[in-house]
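Hi everyone, thanks for coming. Let's take a friendly walk through one protein today, so please have a look at the screen.

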Amino acid sequence: MHLVRLLYLSKATNGLGVSGIEALLLSARRHNLQAGISGMLAFNGEYFLQVLEGGRSEVNRLYQRISTDPRHQELLLLQMDEISERLFSDWSMAYVPSSSLTRELLLRYGVSDEFQPMLMSNHSCLGLLTTLRAQLAVV
Ligand SMILES: Cc1cc2nc3c(=O)[nH]c(=O)nc-3n(C[C@H](O)[C@H](O)[C@H](O)COP(=O)(O)O)c2cc1C
């Protein structure tokens, strides 16, 4: 079984509030633990950027489920690579709220201080998530 990392972005459909996100994370973390999947989800109320790591079949299956979820649309698969080690192994699904998407961080990885992952390269998207991961680790 090969380890892979998948990165995608999407746009939330209307009406997904904070309680909706909490419910989503609760079930995602439960499932991901069972399936050996780790990752991180960033959400600013409009766009999602998510990284999933795990076995190739498990990540494929999960992405297929996620892609039919009506809570978001306009999914764009950014990358799916075989990896030799995980970057997010400590989290079944770490969550990054918009308050953590600071102006400084967004300007470091993007062309503006707004969270618009479709205007960022795959490399910058992963760079942003990796930097956020390092911040989580020190908290
Ligand atoms: C942005 C977003 C991210 C999601 N991330 C995960 C995830 O990491 N793990 C997971 O099991 N479900 C995740 N889900 C939920 C799945 O789309 C799906 O609802 C859930 O896996 C239950 O699937 P089922 O109803 O087919 O059992 C996510 C949904 C959205 C909208």
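Which helices and strands each supply at least two residues of the lining of the largest pocket? What you see is a predicted model.

The protein chain has 4 helices and 5 strands. Starting at the N terminus, their order is β-α-β-β-α-β-β-α-α.

Now to the question. Helix H1, residues 18-35, strand S3, residues 47-55, and helix H2, residues 56-67, each give at least two residues to the lining of the largest pocket. H1 provides the largest share, with 6 residues. The pocket itself holds about 330 Å³ of space. Its lining counts 18 residues, and those closest to the centre are Leu24, Ala28, Ile66, Asp69 and Arg71. Sorted by class, the lining has 10 nonpolar, 5 polar and 3 charged residues.

Let's step back to the whole chain. How does its radius of gyration fit a compact globule? For 139 residues, such a globule would have a radius of gyration near 14 Å, and the protein chain has 14 Å, so the two agree. Along the principal axes, the C-alpha trace spans about 40 × 35 × 30 Å.

What about contacts along the sequence? Among contacts with a separation of 6 or more, 79% are between residues 24 or more positions apart.

Finally, the surface. Buried residues make up 45% of the 139 residues. The chain exposes about 7400 Å², and carbon and sulfur atoms supply 51% of that area.

Key:
Residues numbered from 1 in each chain as written. Predicted model: local features only at pLDDT ≥ 70, side-chain atom pairs only at ≥ 80, totals over all residues. Heavy atoms only, no water. 1 Å grid on protein atoms, 1.4 Å probe; cavity = no way out; pocket = protein on both sides within 12 Å on 5 of 7 lines; lining within 4 Å. Points joined across faces, edges and corners; volume = space filled by probe spheres on them. Nonpolar A, V, L, I, M, F, W, Y, C, P; charged D, E, K, R; others polar. Rg over C-alpha atoms; globule rule 2.2 N^0.38 Å. Buried < 20%, exposed > 50% of the residue type's maximum accessible area, 1.4 Å probe, protein only. Contact = heavy atoms within 4.5 Å. Areas by Shrake-Rupley, 256 points an atom, 1.4 Å probe, with all protein chains shown as cover.
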